[in-house]
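Student: I have a chain open in the viewer and would like to go through it one feature at a time. Could we start with the whole chain and then move to the parts?

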Amino acid sequence: RKWHRILILDQFTTKLLSSCCKMSDLMAEKITIVEDLYKSREPVLEMKAIYFMSPTSKCVEAFIGDFKSKPKYKSAYVYFTDYLPDDLFNNMKLSCGKYIRVCKEINISFLPQEAQVYTFDNPGAFQSIYSSHSQDRRKTLESLADQLVTLCATLDEYPGVRYKKDGNMENAETLAKLVDDKLSIHYELDDGGKRKAQLLIVDRGFDPVSPILHELTYQAMAYDLIEINEDTYKYKANNGAEKQALLNENDMLWVKLRHRHIAEVTEEIPKLVKEISKTVHLQLAEDCMKHYSKNVEKLCKAEQDLAVGSDVDGVKVKDPMRTLLPVLLHPYSIPDKIRAVLLYIFSLNGTTEENLNKLIQHVKIEDQREYILNWKQLGVPIITPSFFPRKSSRRDRSQEQTYNLSRWTPVIKDVMEDAVENKLDTREWPHQSECPAAWNGSGAVSARQKHKPSSQDERRGARLIIFVIGGVTYSEMRCAYEVTQAVKSCEVIIGQFESSTELFFNLLKE
């Protein structure tokens, strides 16, 4: 028994550990019991306990409770995800210092959601930043900045920080300043030489279209149309038995297919012979296709025309109302109609109060009008007159092969490519701090450089880290992989404050 150890976790660290290691990994470290910090536990006096927890007063109180009057364990090895305030540290020292063998901050208060996607698992942050009644916006931005610093520290990066300038929203600028200040404290010297990475901070309102569209790539489609909770897909096997599968990095087939268009996925899966998870994906792809042929296919044409501003043949949409009306007249679900109305408003950069009221009456969504109006809280023009600059020009992708119903490219992809090619406009993307010199974005190396492996290695290690205040869609996550794949000299990592990317207008209720 004396070699065995007990590991005690809070809610956040439980998620953190399960996102990056299995029980067998813990067993290899002689950890045989994993317990919840807040549950009542039997004392095991001969055991050493490892505590891995967030640096909050709630966690520290629970820890002190384990030792103060009657110790539960022989000794405690305490690890915090992040900086522990002095008052909490002193409190622990006074109450049960003699039992503490180790007390360390290990700088990791984010969850790796996927290979190139991170999240801070902070579901309250959206309301706190965007609600007009919010009392703690600044406090939330402070804690997000702390978490971003732990991400950079874990990646061993001291990035140059830039943010997307927005006339009427200050979140990105505030957060950029906070992160940069905290980074320089963390690294304690402003050593420009270390800055190989760039961190771009952007507010969700910069592209309201991507969260609203019906996407037809496999992962985005599945999470939009099918009930998938905590990455768990429940389905019925052929014999009628209830089964469930976890869609994560351990399912190699999922990783291989998730960014592909549903048309390719349905063609590919039946050909796979040896893949263990094939049956799950046959089922999931079939589920997606049922929804698609029932409603989504017809909706997508109108959605794409409104989003892109032209039809499949490249003819400009002159009257968006003519594109919208067929959607409103068809018996689609209310959420689908709201999505179409939003895309119509975004395409015009705002509409009149009178026109919006007509639309709301027509769709009979008087009691759901906040789904539309609350986009104003994200800095998106809903009611004109709008003093917003017109949409900035997009990259020309006319030569890229696309499916007719998937012509829209998330704006973030343009941003990623511009950043890597060092083409971001400084007026639109001010520097909060010095950024590294340009990457050679093409990934090509001239023959003259061949004898200098060091510069090549340096380039390969460049990272572009993006944080979207307000959340990331699956199509935007896909862009991080696509750009990394295309550029090779730069890895793009993207993140948000919570991992549930349900439709944003579900979060916009006041």
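Student: What share of the 510 residues in the chain is buried?
Tutor: This is a predicted model, and each value here is computed from it. A residue counts as buried when its relative accessible area is under 20%. Of the 510 residues in the chain, the buried share is 51%.

Student: How many helices and how many strands does the chain have?
Tutor: Both kinds of element occur in the chain. The count is 19 helices and 14 strands.

Student: In what order do the six strands of the open sheet lie?
Tutor: The pairing in this open sheet is mixed. The twist averages 25 degrees from one strand to the next. Read across the sheet, the order is 6-7-14-13-9-8.

Student: Which residue of strand 14 stands opposite Y118?
Tutor: Strand 7 (residues 117-119) and strand 14 (residues 490-496) run parallel and are joined by three bridges. The residue of strand 14 opposite Y118 is G495.

Student: What angle does the direction of helix 18 make with that of strand 14?
Tutor: Helix 18 (residues 474-487) packs on the sheet, where it touches strand 6, strand 7 and strand 14. Between the directions of helix 18 and strand 14 the angle is about 170 degrees.

Student: Which residue caps the N-terminal end of helix 1?
Tutor: The cap involves a side-chain oxygen that lies 3.0 Å from the backbone nitrogen of F12. That oxygen belongs to D10.

Student: Which residue in the turn between strand 10 and strand 11 has a positive phi?
Tutor: Strand 10 (residues 228-229) and strand 11 (residues 232-236) are antiparallel, with two bridges, and N229 stands opposite T232. They form a hairpin with two residues between them. The turn residue with a positive phi, about 50 degrees, is E230.

Student: And which turn residue has a positive phi between strand 11 and strand 12?
Tutor: Strand 11 and strand 12 (residues 242-246) run antiparallel and are joined by five bridges, with K236 opposite E242. This hairpin has five residues between its strands. Phi is positive, about 90 degrees, in G240.

Student: Is D156 buried or exposed?
Tutor: D156 lies in the loop between helix 6 (137-154) and strand 8. Phi of D156 is near 60 degrees, a positive value in a residue other than glycine. Its relative accessible area is 61%, and the cut-off for exposed is over 50%. D156 is therefore exposed.

Student: Is N349 buried or exposed?
Tutor: N349 is in the loop between helix 13 (334-348) and helix 14 (353-363). Phi of N349 is also positive, near 65 degrees. With a relative accessible area of 11%, N349 is buried.

Definitions and conventions:
Residues are numbered from 1 along each chain as its sequence is written. This is a predicted model: local features need pLDDT of at least 70, side-chain atom pairs count only at pLDDT 80 or more; totals for chains, interfaces and linings use all residues. Side-chain values use heavy atoms; hydrogens and water are left out. Two strands pair if DSSP finds at least two bridges between them. Helices (H or I, at least four residues) and strands (E, at least two) are DSSP runs, numbered from the N terminus. Axes are lines fitted to C-alpha atoms, for helices over the stretch in contact, and angles run from 0 to 180 degrees between N-to-C directions. Contact means heavy atoms within 4.5 Å. A polar contact is a pair of N or O atoms within 3.5 Å; within protein, one must be able to donate a hydrogen and the other to accept it, and residues adjacent in sequence count only if both atoms are side-chain atoms. Buried means under 20% relative accessible area, exposed over 50%, partly exposed in between (1.4 Å probe, protein chains only).
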